[in-house]
Amino acid sequence: MYTNNSLILDKLDVKLALENETQKFFAIPKTNFLDKNKLPILQRVLGVTCIAVHKKLIAIGTLNCSTLVYDRFENPFFAFNPSSKLIKEYKSVSSIDICKSGDFLVVGYEGGQVILWDLSTKTLLSEIKYSDKPIVFARFTNFTRYQALIIDNKGATGLVSLYNGWFSSPEATIILNPSRGSGKILDASILIPDSNNPYPTDKMGLVAFGNQENVFVVACLTNKDSPVFKFEKPKEIKMDSFPPCVSWKS
């Protein structure tokens, strides 16, 4: 399970549900909002598959395809549940993230869909059918507005501009393709630019990836065709026992 913060995980009944290279776009579905006053209290949310913690909000994805958002005091803030027809397509929520400002929410599904929510207005902005496989990683990049890094469970990795206005479709740019030697991506970490301390690499869009064999860094905005850095896995480490976990220290 990918999570932005391990806080409150001990309060939740956590269960994983991640098992299923096309760029098909389709219309925004009719939304089905839940009455936030009927949401369970945070400690009683069951079937949790993923979680994102922001300084103002806590977002949770579940096995039954619900997206639940609570404020920092654990009061219900927002909730969405697809229709029974769409649940068959979405299957379950498999990845979730809140942007740095707390205004937008990206949700990835086991069915391969990715949805962008505007939390300030509680409206659905866009949806993309990114893959036929489960989305295991959906994170805002903060490189540009509405952009997210998306990875499916086979390793297809792309930068997706989730919203370009009401009259245009989301756009996806594939960065890593497992069929071209990148392997199955097991973890990723985005180097988030710091507006208070700008640095030349901010314009490169650096992302660290880990696969079965090594860890490498890609400049997604300037040179996505070849890694900037590459670190081989020590021979004494068996990847089956120690899958890679990557993180930046800024």
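Q: How much of the chain is buried?
A: Of the 250 residues in the chain, 49% are buried. Buried means under 20% relative accessible area, exposed means over 50%, and partly exposed lies in between, with a 1.4 Å probe and protein chains only.

Q: What sort of model is this, and how are residues numbered?
A: This is a predicted model, in which local features need pLDDT of at least 70 and side-chain atom pairs count only at pLDDT 80 or more, while totals for chains, interfaces and linings use all residues. Residues are numbered from 1 along each chain as its sequence is written, and side-chain values use heavy atoms, with hydrogens and water left out.

Q: What does the chain average in pLDDT?
A: The average is 75, and 74% of the residues score at least 70. pLDDT is the predictor's confidence in each residue, from 0 to 100.

Q: Where does pLDDT stay under 50?
A: Over residues 1-34, for which the model has 107 contacts beyond four places in sequence. A contact means heavy atoms within 4.5 Å. Where pLDDT is low, the predicted coordinates should not be read in detail.

Q: And the accessible surface, what does that come to?
A: About 12900 Å², with 52% of it belonging to carbon and sulfur atoms. The areas come from the Shrake-Rupley method with a 1.4 Å probe, and for residues only the protein chains shown count as cover.

Q: How many helices and strands?
A: The chain has 1 helix and 17 strands. Both are DSSP runs numbered from the N terminus: H or I over at least four residues for helices, E over at least two for strands.

Q: Which strands form the open sheet that has β11 in it?
A: The order is β10-β11-β12-β13, with antiparallel pairing. Two strands pair if DSSP finds at least two bridges between them.

Q: Which are the edge strands there?
A: β10 and β13 (171-176), each pairing on one side only. Neighbouring strands of this sheet are turned by 25° against each other on average, direction ignored. Axes are lines fitted to C-alpha atoms, for helices over the stretch in contact, and angles run from 0 to 180 degrees between N-to-C directions.

Q: Is β11 mostly covered or mostly exposed?
A: Mostly covered: 6 of the 6 residues in β11 (residues 147-152) are buried. Q147, L149 and I151 point one way, A148, I150 and D152 point the other way, and all are buried.

Q: How many bridges join β10 to β11?
A: 5 bridges join β10 (residues 135-140) to β11, and the two run antiparallel. I135 has D152 of β11 as its bridge partner. The hairpin of β10 and β11 has 6 residues between the strands, and N142 takes a positive phi near 65° in that hairpin.

Q: Over how many bridges do β11 and β12 pair?
A: β11 and β12 (residues 157-161) pair over 5 bridges in the antiparallel sense. I150 stands opposite G158, and A148 has V160 as its bridge partner. This hairpin has 4 residues between its strands, with G155 in the turn at a positive phi of about 105°.

Q: Switching to the cores: which residues of the largest nonpolar core touch the most other members?
A: A59, I96, L105, V107, Y109 and W117, out of 20 residues in that core. β2 (48-53), β3, β5 (76-80), α1 (84-90), β6 (93-98), β7 (104-109) and β8 each supply at least two of its residues. Apart from it lies another core of 18 residues, among them C99, I128, I150 and Y163. A nonpolar core is a set of buried Ala, Val, Leu, Ile, Met, Phe, Trp, Tyr and Cys residues joined through side-chain atoms within 4.5 Å.

Q: And in what order do β14, β15, β16 and β17 form their sheet?
A: As β14-β15-β16-β17, an open sheet with antiparallel pairing. β14 (187-190) and β17 (229-232) are the edge strands. Neighbouring strands here are turned by 15° on average, direction ignored. β16 (residues 214-219) and β17 pair over 4 bridges, and N214 stands opposite E232 in β17.
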